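Have the coordinates open as you read.

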Amino acid sequence: MRERMHPIARRLGLLTAAAALFAGTLGGTADLAEAASPRAAENKMVLVARQDPGTLDFVKSNLTAMRLWIPANVVEPLVYFNKDGSVSPGVAESWTISDDKLTYTFKIRDTTFSNGAPVTAEDVVYSLNAMKNSPMVDYSAAYDAVTAIDKVDDHTVKVTLSRPSQSFWQGMGAISGLIQPEASAATIATNPIGTGPYKLKTYTTNSAFEFEANPTYWGEKPAVQNVSVRIITDGTAGLNALEAGEVDALPVITIDLWEQLSKRELDKKYSLVTYPQVGEPTYAILNQKLDKDLRETIARTFDRQSYNDAFGAAWGAENTCTFALPNQVWYSPENAETCPFPYDMEGAMATIAEKGYASTPLEYASLSDVPDLSLPADIMVPAMQAAGFNVNRNAIDLARYSQLIFQGRPPQFDVTIMSGDANPVQWACPDPSKAGWSTYCSAGYTQALADADAALSQEDYTVQMKKAADILRKDAVIVPLIAKKGVGLFNPDLKGFLEPRVGVAIEMAKLHW
Amino acid sequence: MTMNQPSPMSAPAGVPISPPQRKPRRKLPRNASLLIGLVLTALFLAIALISFFYLPSNPNIPVIRNRLLPAGTPGHWLGTDVLGRDIIAQLMVGARTSILVGAGGATFSLILGTIAGLAAAASGKITDEAISRGSDILLAIPGMVTALVLAATMGSGALTTILALTAFFTPSFTRVIRSAAMGVLNEDFITAAKLYGRGKIFVLARHVLPNIAGVMIVQFTLYFAAGILTEAGLSYLGVGVHRPSISWGLMLNEAQQQVGVSSPLAIWPGFAIVLMVLGLNLLGDGLRDVLDPKLARRAS
């Protein structure tokens with residue numbers, strides 16, 4: 001005989017069932033909200049680019065808009081430098097380096113380019129010579145010590161150097177070491193060919209890149225067969241497209257969107273990645289003509305935390321007194337050891353009063369039409385005035401800034417702020433009469449960089465670069481403030497993001513659903 | 001984008017043709033446009049004046065811990081911007097700059113336009129043609145281009161913006177003043193004054209100027225409003241004023257990046273611009289109604 005349920009128990013049971021149903025409904029809604037992209041089943045993904053590169057010629061262009069997508073994905077370097085410091089094979093299957101670091105011999109992989117042509121030693125010699133003669137100084141600088149690039153046999157290339165050069169070896173894992181077929185050089189601007197995991201199907205200016213997996217790729221096949229990179233110049237539109245499920249990732253989110261990203265809590269709804277490679281240091285420049293004590297006193301009025309906080313995204317930048325990005329071995333975050341002139345308003349005010357700096361008129365040149373530079377200036381100038389400096393802000397647009405500062409000789413500023421390339425070699429200056437727009441020239445710094453480049457070991461290189469960084473920060477001309485990182489936002493189901501190994505290139509082959 | 005400029009067609013309406021018979025005061029209470037315009041304009045002028053003596057806080061000093069406070073926060077009733085600077089304080093100083101630049105541009109244009117317009121109207125055909133065609137040529141140059149060139153060569157700022165407005169508005173003023181002055185110069189009392197032996201300059205100063213004063217005042221208010229709009233546009237584009245100066249256009253420029261995060265940052269200066277320009281336009285319309293005897297006769 002069936003046992004009858006007590007009415008209260010029955011009601012509790014119904015209530016439990018209803019609650020379970022409601023919870024299930026909610027759970028279902030949540031599942032729906034987090035459902036994988038419809039493109040996952042189709043083995044596709046759609047990424048967003050903010051800028052159109054115009055040209056894909058990686059020999060003649062250094063635009064980030066190109067460097068994000070072509071290197072490592074379509075065109076590979078001879079070797080890859082991994083985050084842990086190890087070196088992996090690229091187009092070069094293996095290599096030997098002579099003990100004196102003057103001869104590099106690369107064994108070329110027996111594979112084909114994505115157009116089916118075999119990779120030959122001639123192609124490698126051609127590619128290295130093309131980069132050696134590149135109009136982009138960043139690329140050709142790797143070959144400063146190179147005296148010969150020779151084919152040894154069909155699969156071996158030998159590079160001879162006049163002196164040991166770290167920048168040459170590092171360049172072989174960067175854009176300077178990209179290998180292309182000589183026969184396809186004419187179409188490089190619109191259809192670059194390489195040995196990478198993807199080949200470029202189409203590139204439509206101001207619209208999109210379409211990539212598909214390279215069937216002849218020598219390595220592990222990409223997990224996602226087809227990749228579309230859609231060019232959406234409006235950042236907010238890009239974020240909206242991600243929220244609407246129209247795209248799967250924005251691998252590079254510029255600083256102007258960080259606050260919005262936080263406020264909309266997109267950093268919580270999606271996978272936020274930060275990586276230094278696409279980042280930039282922001283730094284003040286104090287004209288070297290100013291007295292060194294005066295420069296040091298000005299540097300003490302810089303409150304790095306305020307500049308960082310002004311961007312409204314704690315994950316986006318680090319305070320630092322070192323001219324570097326966090327992936328560079330000589331980098332150090334702000335600390336007592338590496339900050340010779342820490343924020344100290346009281347100390348600065350005392351020095352200004354003691355040395356009478358209030359009577360020295362200072363001109364602060366700021367870029368009015370670059371928000372991420374005018375924002376720190378909005379903080380810096382009132383702080384300098386509050387400390388007692390007689391500082392006048394000259395807010396000028398980029399055209400006039402270029403005229404007065406980048407091209408002006410002598411440059412027309414006492415203090416300014418800039419953000420850009422983290423390459424420390426840009427401040428090298430062998431001849432004081434040829435100091436660049438920054439006005440900085442130091443024989444000691446230049447020698448330290450040269451010593452680092454000639455280092456025979458990674459350890460020695462690191463020591464010398466740290467020495468150079470120390471000279472730079474103590475000279476108080478280039479005064480680093482913050483290191484902005486690259487920020488990306490991915491669909492939570494799209495996994496496998498790897499920090500760029502070839503410059504800033506996003507390695508799409510590592511991404512998978 | 002084009003620079004804002006009131007239509008010259010609205011200008012010469014009602015050039016008085018005989019010496020003083022107007023009694024504007026009598027009509028004031030009945031003219032709603034005039035009253036509303038006066039109230040709005042006086043309100044912003046008062047705010048600008050007060051800003052010289054009192055500000056809730058320094059609008060240029062960042063207080064990072066207060067960044068992006070919402071409207072209604074005690075002590076910051078309209079909120080704060082991305083660096084924690086008070087919006088009310090910025091609007092008050094912005095009123096000062098926007099009014100200074102708008103009024104400066106309109107005043108200099110009025111002076112230069114009046115001189116050129118009177119010269120064209122009273123001189124011979126060659127001078128008239130030269131000034132008129134010169135004005136046509138200047139009017140054909142886009143105002144924004146003039147402003148950008150000036151900003152690139154002199155550096156941007158309030159003075160450059162005033163100069164750009166002057167360069168842009170003067171040809172229009174010249175046309176309007178010339179047209180109004182020619183109407184007066186054809187009157188019999190002018191012929192009588194000439195027969196009485198009065199010189200050209202005396203006639204222009206004693207008889208023509210007072211009779212075109214109504215047109216000048218109305219035009220001034222309209223160009224004042226256009227100047228504020230143009231300044232806002234230039235500052236929004238980054239070629240107007242810069243900190244430590246503050247204008248409503250600069251506030252719009254700075255709010256641009258935060259619109260997706262804190263839209264009121266753009267709404268408050270936008271609202272101030274709309275009210276100020278509305279006030280000046282209503283004031284101009286009201287004054288035209290009061291000072292224009294033809295319109296008054298039609299109304300009665």
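1. Of the contacts in chain A between residues at least 6 apart in sequence, 69% link residues at least 24 apart. Bear in mind that this is a predicted model.

2. As for the overall build, chain A has 16 helices and 17 strands. Its C-alpha atoms fill a box of roughly 100 × 70 × 40 Å along the principal axes, and 47% of the 513 residues in chain A are buried.

3. Have a look at α4 of chain A, residues 121-132. This helix has 12 residues and spans 16 Å from first C-alpha to last, close to the 16 Å expected at 1.5 Å a residue. The buried residues of α4(A) are A:D123, A:V124, A:S127, A:L128, A:A130 and A:M131. Viewed down the axis of α4(A), they fall within an arc of 155°, so they line one face of the helix.

4. What do the buried residues of α4(A) pack against? Their partners in chain A are β5 (103-108), α5 (137-140), β6 (146-153) and β7 (156-161).

5. Over in chain B, the axes of α2 (residues 87-122) and α7 (residues 200-236) come within 8 Å and cross at roughly 145°. The crossing of α2(B) past α7(B) is right-handed. On the α2(B) side the contact includes B:G102, B:G105 and B:L110, while α7(B) contributes, among others, B:F220, B:Y223 and B:F224. Sorted by type, the residues of this α2(B)–α7(B) contact are 13 nonpolar, 6 polar and 2 charged.

Notes:
Residues numbered from 1 in each chain as written. Chains lettered and ligands numbered in written order. Predicted model: local features only at pLDDT ≥ 70, side-chain atom pairs only at ≥ 80, totals over all residues. Helix = DSSP H or I, 4+ residues; strand = E, 2+ residues; numbered from the N terminus. Expected span 1.5 Å × (residues − 1). Buried ≥ 20, exposed ≤ 12 C-beta atoms within 10 Å, placed from the backbone. Arc of directions from axis to C-beta. Contact = placed C-beta atoms within 7 Å. Axes fitted to C-alpha atoms, helices over the stretch in contact; angles between N-to-C directions. Left-handed = near helix turned anticlockwise from the far one by under 90°. Nonpolar A, V, L, I, M, F, W, Y, C, P; charged D, E, K, R; others polar.
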